[in-house]
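Dear colleague,

Please find the structure below, together with its sequence. My notes on one helix and on several salt bridges follow.

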Amino acid sequence: MNNHSIEESQKLSAQLIPDAELKPSDADAVFALPPFMEKIAGYEKAMGKPFASIADDVRSPFILRRIRQLVNIALLNPMWREKLGTDKTPETWEDWQDLPLCDKETATALFTGERPGMVVPLSAGGFEIVASGGTSTGKPSETVYSLRELADTYRLAGDFIGRHMLAPYLASPVKWLATTLADYQMWSSGTMVGGVLQHVPGVNYIGAGPISEAVYAQMMSYEGDKTIMGITQCIEKLPCMAGGLTEEARKSLKVAMYGSGVLTEKQRIELAAVYPNVTVLSYFAATQAEAIGLQIDGESPWLVPVPGLHLVEIVGEDGHWVKEGETGELVVTRLHATEAPVLRYKVGDRMTRRAGLDTDGLKTMRFEFAGRSGEVLQIRDTQYPVKTVFESVCREFTQAGLPDPSKESYHYQFRNDRRNGKLTLLIEVGNPFDIYARAAFLVPYGGLPALFMRALASSLSIFNQLEADLAYLMKTGYCFDLRFVGKDSPELFRTEVGKTPLLKDEL
């Protein structure tokens, strides 16, 4: 069959996941279920195509049947029945969207301590416990993974990265893929991301961890094209690590993959100046899922999920899917989670849904990172998304004839002292004194704080409401300050794992 219909997919899905498996009777029956990876392999064989190249609407009945199976498994647990508020399995995607979301607090209650949300008990063995870093909320939580299912996801995601993410950039006979991530107090990104990267076909894997310049130079001296994966702070420091590298070694870095945060335009320019052949790509992950969205085109920030790995949803306040071009909450359900399902987990990030990708080799949805859900400034009774405010600040700067902070800064951070009513924007740049000198001549009366206030007001305003919004800000009693600081300034708050949050609330 070359052109497969939705009806054919429905029949095949029922054959691959028969009724006896669709609704297992107890935990023992769940533990005995075949892995979902086997079902994907059977689906591909019957369709005569790789899973990722089958149209989304044709794959949909197969994914829905798997989702129904996961719901039936969760319903074996009384806490999940209470959480879902039903004992019925969703028959359609509309039914599925009516189910409640699972937030971090709920997941913590289900899978921390006595772990009452488990279906297959821990006594069965073969599980891995992973804690989140708690970077945004300061509240780490634990997640339970089945080791056998993790192994399947590593192979699936690794193969996808090799085919669709790295193949266009790595051309040498010998190829290298290294990660600087390391495990830290149960924050197991080194293990989990490393598990995926070790299964990228055709590359030699290096679990480097934190590295010195000498070790980096040794690694970069290996013959062949190279990819390095790390958190944003690691990737932005690669230019500083290049002191002992030959020109050939610098040219051998073909891909830099960052796994959290956002690389600024300034950081990208500095990377390209030192590593002329590098392409920067995003590897978006979270504690509940190891490879949620991957950037496969260096010219576009849009991310794609790995077909068959997770069900990725972008939802509005009602929990239903947003339309293309709209922004909502990122919700993830791990499809390979038979033994410890987590349904409709709200990751804590906002995404904008984009038009789907439809090529011969890859058909999948696309979305774009829009910021952390918690990155919202609360000023009295009004909320301001920090990314929107910073974009407004950049517009005000360029209109005043000043350098665009988005192209000059290494980091920026809002410090919101809500108790004392003071909001400060710190912008980390190479030479703050130069910008201050230019601002003294170009910024109107009131200086940078007044410019900041105007940007804050205009971030939510249409033009004819701007003066009213400025007046509202003045009535809040807040003080506003905008300051430039030097690179690696101690004034910027950084977490224990080296991340620089865009917002630091000081309550």
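In these notes, buried means under 20% relative accessible area, exposed over 50%, and partly exposed in between (1.4 Å probe, protein chains only). Helices (H or I, at least four residues) are DSSP runs numbered from the N terminus. This is a predicted model, in which local features need pLDDT of at least 70 and side-chain atom pairs count only at pLDDT 80 or more, while totals for chains, interfaces and linings use all residues. Residues are numbered from 1 along each chain as its sequence is written, and side-chain values use heavy atoms, with hydrogens and water left out.

Helix 1 spans residues 6-16, and its buried residues are S9, L12, S13 and L16. Because these cover an arc of only 105 degrees around the axis (taken from the directions from the helix axis to the C-beta atoms), they lie on the same side of helix 1. K11 and Q15, on the other side, are exposed. The buried residues pack against helix 2 (19-22), helix 4 (36-47) and helix 5 (56-74), contact meaning heavy atoms within 4.5 Å.

The structure holds 22 salt bridges, each a side-chain nitrogen of Lys or Arg within 4 Å of a carboxyl oxygen of Asp or Glu. One of them joins E21 and K39 (2.9 Å, N to O). This pair links distant parts of the chain, with E21 in helix 2 and K39 in helix 4, 18 residues apart. E21 is buried at 16% relative accessibility, and K39 is buried at 11%.

R483 and E491 also meet in a salt bridge (2.6 Å, N to O), and a network of salt bridges links D481, R483 and E491.

Yours sincerely

Key
Helices (H or I, at least four residues) and strands (E, at least two) are DSSP runs, numbered from the N terminus.
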